[in-house]
Amino acid sequence: MKAELKPCPFCDSAAQNQASGGMYYCECSSDCCAATTQWVDTEEMAVLKWEAREFDPPLSASEIAEITEKETARDAETSDVQERIADLQRQIASLESLAEIWEQELNRRR
Ligand SMILES: [Zn+2]
């Protein structure tokens, strides 16, 4: 079943059916538009929701701020971990060269 979907009410772009992991939804085909239905069990239900203009509510400013904050915190955490890894790699390198010196010293004494 391939129904002709009404265009997006926000930007007038074509709508498209989407399926993922056995769930269906309809969304605006424009990248700059967030119009999308909920994920539902059947394609028919997704189409009905699109045609009825039942979209997932867009995120509020505070929800967007919260997500942005979490992403920033996660990025900071990631760069902390990367710094620790680089630090440990420097320590390993210096221990390896120390081990090499000791080994040469031992060989010399044998
Ligand atoms: Zn749109």
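1. A19 belongs to strand β1, and, leaving aside residues up to four places away in sequence, A19 touches Y24 and E43, a contact being a pair of C-beta atoms, placed from the backbone, within 7 Å. A19 and S62, 43 residues apart in sequence, are 30 Å apart in space, C-alpha to C-alpha.

2. The model discussed here is predicted, so that local features need pLDDT of at least 70 and side-chain atom pairs count only at pLDDT 80 or more, while totals for chains, interfaces and linings use all residues. Residues are numbered from 1 along each chain as its sequence is written.

3. The protein has two helices and two strands, and from the N terminus on they run β-β-α-α; helices (H or I, at least four residues) and strands (E, at least two) are DSSP runs, numbered from the N terminus. The radius of gyration is 28 Å, well over the 13 Å that the globule rule gives for 110 residues, so the protein is more spread out than a compact globule; the radius is taken over C-alpha atoms, and the rule is 2.2 Å times the number of residues to the power 0.38. Along its principal axes the C-alpha trace spans about 85 × 35 × 20 Å, and buried residues make up 12% of the 110 residues.

4. The protein is divided into domain 1 (1-55) and domain 2 (59-110), with bounds that come from an automatic or database domain assignment. The centres of the two domains, taken over C-alpha atoms, are separated by 45 Å.

5. Strands β1 and β2 pair in the antiparallel sense over six bridges, where pairing requires that DSSP finds at least two bridges between two strands. N17 stands opposite C26 in β2. The two strands form a hairpin with two residues between them, and G21 in the turn has a positive phi of about 55°.

6. Helix α1 (residues 43-51) has A46, V47, K49 and W50 as its buried residues. They cover an arc of only 160° around the axis, which puts them on the same side of α1; the arc is that of the directions from the helix axis to the C-beta atoms. The buried residues of α1 pack against β1 (15-20) and β2 (23-28).

7. D12, in the segment before β1, has a positive phi near 70°, and D12 counts as exposed because it has 11 C-beta neighbours inside 10 Å. R53 follows α1 and lies in the loop between α1 and α2; although R53 is not a glycine, its phi is positive, about 60°, and R53 is exposed, with 11 other C-beta atoms within 10 Å. As background, most residues other than glycine have a negative phi.

8. Helix α2 (residues 61-109) has 49 residues and reaches 72 Å from its first C-alpha to its last, close to the 72 Å expected at 1.5 Å a residue, the expected span being 1.5 Å times one less than the number of residues. α2 is hardly covered, since the count of buried residues among its 49 residues is zero.

Definitions and conventions. Buried ≥ 20, exposed ≤ 12 C-beta atoms within 10 Å, placed from the backbone. Contact = placed C-beta atoms within 7 Å.
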